[in-house]
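Biologist: Could you take me through one part of this model closely, namely the open sheet and what packs around it?

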Amino acid sequence: MQLSAPAKLNLCLYLGARREDGLHELCSLFEPLALADLITLPTLTTPGGGQSRMGAERDEVVCPGVEGENLAERALAALRERGWRWPALRVEIEKRIPIAAGLGGGSADAAAILRLAAGEVADLEEIALELGADVPSQLTPSLALVRGAGERVERLPEPASHAVVLLPGGGGLSTAAVFAEADRLGLGRAEDELDELASRLRAAAGAGASPLAYAELLANDLEPAARSLRPDAGDALDALRAAGAPLALLTGSGPTAFGLFASLAEARAAAARLDRDDAIVCEAGSAGGVR
């Protein structure tokens, strides 16, 4: 069995106050990308059908390039703690989503593992939130308005076709460090302002339009903090705009910069003008092409 774990793009991210649990109130639009990690479960069987691999006695997660325990491993352990009775699994993850790049790759992998237990383990949403703020939204990859610290997910209609050019910038930017820098810089909005922005985003995105139709609503409040820690992120934004991107932003906590385009052909043409080896061109949505 092979599972797809799509990257997520923050089309916008509005930052609110820090909560007592240390997390921040947010208002964001998430959408999945065709760019996805590939998760393989060799010779998978169903409960009662024998072990998933010869001689398996315990679960094993193999993810080259990721040292130590990862979110997929924690997701599998959480399912076992709640009585999930599938045979022991060997999970092999092929990382295609850049690591620590603000694209939610680890969260996508964890959500894909949780989906294996859909209908068999209760409260998957609760487990997802325990794993990380981005995981609940990725249980069902789709355009979504996300509130709270990530636990309030409102699914929205599929948007009109559009594409992105991603410039990952080498990844390696800690989400926790970016939020800490945002606190140091005094960034953030009042709750009533987040509510108003959520209402406007719901109305705009709820009509199924391309995000380019409401580009004036799209911004990332974490950008100053990310650029404070990684000034080169600003260079990537400038490059995307020079290449013709109608809208260029950082996604999530960065450092990945993205440019939105009306079509895959326009995105590919812009990537050619950029002439950068790290550029990734893909369609928005959980299906479609990646270059």
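Modeller: Two strands are said to pair if DSSP finds at least two bridges between them, and strands (E, at least two residues) and helices (H or I, at least four) are DSSP runs numbered from the N terminus. This is a predicted model, in which local features need pLDDT of at least 70 and side-chain atom pairs count only at pLDDT 80 or more, while totals for chains, interfaces and linings use all residues. Residues are numbered from 1 along each chain as its sequence is written, and side-chain values use heavy atoms, with hydrogens and water left out.

The open sheet has four strands in the order β8-β9-β7-β10, with antiparallel pairing. Since β8 and β10 stand at the edges with a single partner strand each, one side of each is left without a neighbour in the sheet. Within the sheet, β7 and β9 pair in the antiparallel sense over five bridges, and alanine 163 has phenylalanine 261 in β9 as its bridge partner.

Helix α7 (residues 232-242) lies across β7, β8 and β9, running at about 165 degrees to β8; axes here are lines fitted to C-alpha atoms, for helices over the stretch in contact, with angles from 0 to 180 degrees between N-to-C directions.

Leucine 166 touches, among others, Leu9, Leu33, Phe258 and Ile280, not counting residues up to four places away in sequence, where contact means heavy atoms within 4.5 Å.
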